[in-house]
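Trainee: I should like to work through this entry by question and answer. May we begin once the sequence and structure are displayed?

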Amino acid sequence: MAEILVVGAGPVGLTMAAELARHGARCRIIDRLAQPLPYCRAIGVTPRTLEVWDAMGIAREMIDAGIWIEGLRSILHGQPPRDARLELPDLPYAQLGLPQYETERLLARHLGRFGITVERGVTLTGLSQDAEGVAVRLEQAGGGPPESAGFRYVVGCDGAHSAVRRALGIGFEGDAFPMMFMLGDVHIGWDLPRGMALRALRLVEGGAPDMFIAIPLPEPGRYRVSMLAPAGLASPGGSDHGIQAELQGPDLPQIQAVADDLLPDRPRLSDLRWSSVFRISMRLAAHYRQGRAFIAGDAAHIHPPTGGQGMNTGIQDACNLAWKLALVLKGAAPESLLDSYEAERRPVGAEVVARTRAASEGYGREAGSKPDRLADTQILVSYRGTGWVRDDAGGAAGPAAGDRAPDAIGLRRHGVGFPPAALRCAAGDGTPPAGASRRGGHPWERGGSRGFRAGGGAASRPPSAGGRDRAGGRPAGMARPCLLP
Ligand SMILES: Cc1cc2nc3c(=O)[nH]c(=O)nc-3n(C[C@H](O)[C@H](O)[C@H](O)COP(=O)(O)OP(=O)(O)OC[C@H]3O[C@@H](n4cnc5c(N)ncnc54)[C@H](O)[C@@H]3O)c2cc1C
């Protein structure tokens with residue numbers, strides 16, 4: 001019998017199920033939709049998520065399917081374009097662009113390697129729990145009697161309008177932006193270098209700027225474009241967050257009209273594959289756990305897409321919870337370890353909600369203040385000082401318990417074209433990082449940490465003040481940054 005039910009097969013639920021399986025826990029995963037959504041919501045994949053995918057063994061296939069985001073061309077109305085390259089030279093990965101439908105397809109394929117298939121057309125409609133387990137009611141899309149099933153744990157990865165969160169009565173406080181946005185997948189005929197994103201803005205006194213944003217998709221010439229929806233499209237129906245699949249999306253002339261208004265060269269848009277309208281809310285769940293039920297991803301935190309943080313944060317929620325649930329189910333850790341999930345991940349969610357809200361409210365008016373690139377990479381996330389992290393080193397210089405283990409910059413090995421992570425050297429693990437650096441490289445040679453030398457005079461970079469969290473929370477007593485996500 002499956003011990004865990006994962007509700008929702010978006011990027012967070014798929015990660016949750018795959019990570020549970022990797023750590024040896026049996027789960028079922030259901031989704032009410034007969035097919036995954038075709039829209040490209042998330043594109044931006046942070047370096048931190050790529051590290052998680054590396055640990056899962058899927059970074060390389062994700063990278064192969066994506067496109068590196070090389071920079072941003074900004075056009076402020078009436079001014080000449082300005083290009084900013086996105087330089088992240090000290091990080092193990094750059095910023096990847098991968099449409100969410102591809103992320104979900106590849107995660108589902110990865111899940112299949114564990115013999116797990118998403119049960120589609122299955123909706124969770126009831127949930128109750130006691131000290132022994134969680135009882136759920138599941139309804140099939142085709143009708144028929146609902147299934148009553150029991151699980152040791154349930155994880156709600158069921159999005160902004162989470163049925164699990166509602167059944168648990170967990171508050172989801174916050175508010176919504178009043179305006180509606182629209183997006184579409186188009187071909188654009190222009191000379192923007194491949195990999196560059198574009199943002200054209202006209203500031204509006206006392207309101208959101210008029211905007212046209214184009215993020216490159218892996219297929220040459222194609223972009224996911226987004227902008228404010230014109231009054232005619234801003235229908236009152238739908239929900240207060242996310243894609244409004246039941247409402248009419250814009251047609252190509254409506255998108256072209258915005259481009260013509262804001263782009264001086266008036267490039268020609270063509271071949272609209274899909275379009276939609278969406279709304280944005282900012283909310284954070286009051287709790288991430290209640291008894292034997294958990295919530296993760298958009299079920300726990302929703303916020304503006306500015307900075308591309310939502311899916312990434314959710315994937316990291318799942319990664320944080322999965323190994324803990326697996327350890328508890330094996331009897332290798334106490335139940336109370338599960339409390340560390342909320343203690344570690346809810347502050348991260350709160351910070352992301354606040355940061356993306358501030359970035360959205362000041363959108364286009366950032367003059368003088370630089371966007372916090374490192375915060376957006378999520379590499380700075382740390383669980384330092386949270387209740388489940390004990391640091392016996394007592395303030396010694398260097399990384400602290402709960403930090404992500406820093407990279408050793410400059411280590412080189414003969415015949416290997418990409419630098420090894422300090423973590424792997426420390427672990428004596430010579431296996432290839434599944435997603436080797438975008439700078440390419442030769443096949444990894446086995447042999448642990450032996451044979452590496454510092455190259456180019458570079459030293460190991462000290463951890464930044466905020467620390468970073470490859471370590472994650474862990475049972476007390478592990479004093480150095482640990483290897484678990
Ligand atoms: C325009 C836009 C751009 C974005 N760009 C980015 C970006 O660049 N980077 C980024 O990180 N994030 C981005 N996001 C946010 C990102 O799309 C979400 O954070 C992400 O989809 C959340 O994943 P999830 O798995 O938690 O939820 P979802 O993707 O919403 O998946 C939830 C799943 O649960 C299922 N479900 C719901 N209720 C039930 C039920 N009762 N029973 C069974 N199944 C159920 C649903 O059918 C759905 O498949 C963007 C969002 C938008 C709207």
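**Backbone, ligand shell and core**

Mentor: Glutamine 378 is found in the loop between α9 (373–377) and β25 (411–412). Please bear in mind throughout that this is a predicted model.

Trainee: Is glutamine 378 buried or exposed?

Mentor: A residue counts as buried if 20 or more other C-beta atoms lie within 10 Å of its own. Glutamine 378 has 25 C-beta neighbours inside 10 Å, so its class is buried.

Trainee: What is the phi of glutamine 378?

Mentor: Most residues other than glycine have a negative phi. Glutamine 378 is not a glycine, yet its phi is positive, at about 70°.

Trainee: Where does arginine 266 lie, and is it buried or exposed?

Mentor: Arginine 266 also has a positive phi, about 45°, although it is not a glycine. Its place is the loop between α6 (252–262) and β19 (268–270).

Trainee: How far apart are the end C-alpha atoms of helix α7?

Mentor: Helix α7 covers residues 310–330, which makes 21 residues. At 1.5 Å a residue, α7 should span 30 Å.

Trainee: How many residues of α7 are buried?

Mentor: Helix α7 is largely enclosed by the rest of the structure.

Trainee: Which residue just after α7 takes a positive phi?

Mentor: The phi in question is about 80°. The residue that takes it, just after α7, is glycine 331.

Trainee: Which element gives the most to the shell around the ligand?

Mentor: The ligand is surrounded by 36 residues, the closest being Gly8, Gly10, Gly159, Gly297 and Gly310. At least two residues of the shell come from each of α1 (11–22), β2 (27–31), β9 (122–129), β18 (242–243) and α7. With four residues, the element that gives the most is α7.

Trainee: How many residues of the shell around the ligand are charged?

Mentor: The shell around the ligand contains 16 nonpolar residues and 15 polar residues. The number of charged residues in the shell is five.

Trainee: Which element supplies the largest share of the largest nonpolar core?

Mentor: The largest nonpolar core has 110 residues, and those with the most contacts inside it are Ala17, Val154, Val155, Val164 and Ala296. Domain 1 and domain 2 both give residues to this core, so it lies between them. The largest share of the core is ten residues, and it comes from α7.

Trainee: Which are the edge strands of the open sheet of three strands?

Mentor: The order of this sheet is β13-β21-β24, with antiparallel pairing. Five bridges join β13 (residues 172–176) to β21 (residues 281–285), and two bridges join β21 to β24 (residues 301–302). The strands that pair on one side only, and hence form the edges, are β13 and β24.

Trainee: Which residue in β24 is the bridge partner of leucine 284?

Mentor: Strand β21 is mostly covered, with four of its five residues buried. Leucine 284 in β21 stands opposite glutamate 173. In β24, the bridge partner of leucine 284 is histidine 301.

Trainee: Which residue takes a positive phi in the hairpin of β10 and β11?

Mentor: Strands β10 (residues 134–140) and β11 (residues 147–151) run antiparallel and are joined by five bridges. Arginine 137 has serine 148 in β11 as its bridge partner. The hairpin has six residues between the strands, and the residue with a positive phi, near 95°, is glycine 143.

Methods. Residues numbered from 1 in each chain as written. Predicted model: local features only at pLDDT ≥ 70, side-chain atom pairs only at ≥ 80, totals over all residues. Expected span 1.5 Å × (residues − 1). Buried ≥ 20, exposed ≤ 12 C-beta atoms within 10 Å, placed from the backbone. Near = placed C-beta within 6 Å. Nonpolar A, V, L, I, M, F, W, Y, C, P; charged D, E, K, R; others polar. Pairing = 2+ DSSP bridges. Core = buried A, V, L, I, M, F, W, Y, C linked by C-beta atoms within 7 Å. Domains from an automatic or database assignment.
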